[in-house]
Amino acid sequence: MPFTFSKVNAVIRAVRMSRQREVAAARMAALEETNQILQTQARQLEHQTNEARELAHELALTNEELRAVISEAKKAWAVADAANRSKAEFLAVMSHELRTPLNSIGGYVDLLEMELRGPLTESQRSDLGRIRRSQEHLLGIINDILNFTRLEATELKYDIIDVPIRALIADFDAIVSSLTRAKSLEYQCDSPSGNVYARTDPDKLRQIMINLISNAVKFTPEGGRVSVSCTLNGESVSIHVEDTGPGIPHDKHEAVFEPFVQLDRGLTRSNDGTGLGLAISRGLARGMGGEIQLKSEVGVGSVFTVTVPVAHRRTPTGKQRRFPPR
């Protein structure tokens, strides 16, 4: 057969059409594969959407339950707060009512000791001494309860000023010396050498220190030692009360600051008190931006440390200066 251009063109067209069909078939296969992928993703998306709806429903139920729990907790807190306030008011009223007759007892003891009703025998004076000690003991317990209820009700007011620590510690010498002499204890006081000032309420800090020192004397056996010292650490000043008493077990270090807690329990315990002194002292310290910490070892003794903010005094030039440690 002779070779002609028409036959060549026909072959070229046939080849082109074959290639176009192959390309179209490939595109169709790709489209079908893409479509299957999209359908699979659509099914997965629908499944995830259903799961999200279920999760949202469960979350809504949980939120509703949580709101109900919060509402019940608020109601319970309100009831507890009202009960606590009622308790505080009751204790405050009872403390006031009990203090009045106890003060009267003390007044009558004074009158009898002055022998305004006639001369007294030694036995009568001894009995009056017992009455006075009992009256003072009960009055101290009532004052502790009253202070604790005020502290719980946050009714205490603090007069925060710059307090010279050296002068404050010196005020304790007369009190502590008489207490330690009565028990044949050695007393040592290391006051700061410089003009160290604390930013605190002097009356509250004095109450804390008297309580800590009284406890140290009370729990230290005859022949022991009680010491008071002071250190300055950056932004705070610390006053340490150390004794050589029986010490406190490590697992009881926090328990002693809880109200009405006494480690010497039972009918045979030798030390009286309500167990409120340390709870009140820590509450007062924290109310002034300070803290009370305890280090103790059984058979060695205890160290109670009161830490309060240090005062930044101003020099005549108007610049602040920080007092150096000893």
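Arginine 206 counts as partly exposed, because its relative accessibility is 26%. In this predicted model, the residue forms a salt bridge with aspartate 171, with the closest N and O atoms 3.9 Å apart. The pair links distant parts of the chain: aspartate 171 lies in helix H3 (residues 165–182) and arginine 206 in helix H4 (residues 202–219), 35 residues apart. Aspartate 171 is also partly exposed, at 44% relative accessibility.

The count of salt bridges comes to twelve. One of them joins the side chains of aspartate 110 and arginine 132, at 2.2 Å from N to O. Here too, distant parts of the chain are linked: aspartate 110 belongs to helix H1 and arginine 132 to helix H2 (residues 122–152), 22 residues apart. Aspartate 110 has 34% relative accessibility and so counts as partly exposed.

Glutamate 291 and arginine 286 form another salt bridge, their closest N and O atoms being 3.0 Å apart. Glutamate 291 is partly exposed at 23%. Arginine 286 is partly exposed at 47%. Shared partners join Glu254, Arg282, Arg286 and Glu291 into one network of salt bridges.

Serine 238 sits in strand E5 (residues 236–243). Its relative accessibility is 5%, so serine 238 counts as buried. Its side chain makes a polar contact of 3.1 Å with that of threonine 307. Beyond four places away in sequence, serine 238 touches residues including Ser229, Cys230, Thr305 and Val306.

A nonpolar surface patch of about 260 Å² is made by Leu66, Val69 and Ile70. Isoleucine 70 is part of helix H1 (residues 5–113). Isoleucine 70 is partly exposed, at 40% relative accessibility.

Definitions and conventions
Residues numbered from 1 in each chain as written. Predicted model: local features only at pLDDT ≥ 70, side-chain atom pairs only at ≥ 80, totals over all residues. Heavy atoms only, no water. Patch = residues over 30% accessible without salt bridge, like charges linked within 9 Å, V, L, I, M, F, W, Y side chains within 5 Å. Areas by Shrake-Rupley, 256 points an atom, 1.4 Å probe, with all protein chains shown as cover. Salt bridge = Lys/Arg side-chain N within 4 Å of Asp/Glu carboxyl O. Helix = DSSP H or I, 4+ residues; strand = E, 2+ residues; numbered from the N terminus. Buried < 20%, exposed > 50% of the residue type's maximum accessible area, 1.4 Å probe, protein only. Polar contact = N/O pair within 3.5 Å; in protein donor to acceptor, adjacent residues only side chain to side chain. Contact = heavy atoms within 4.5 Å.
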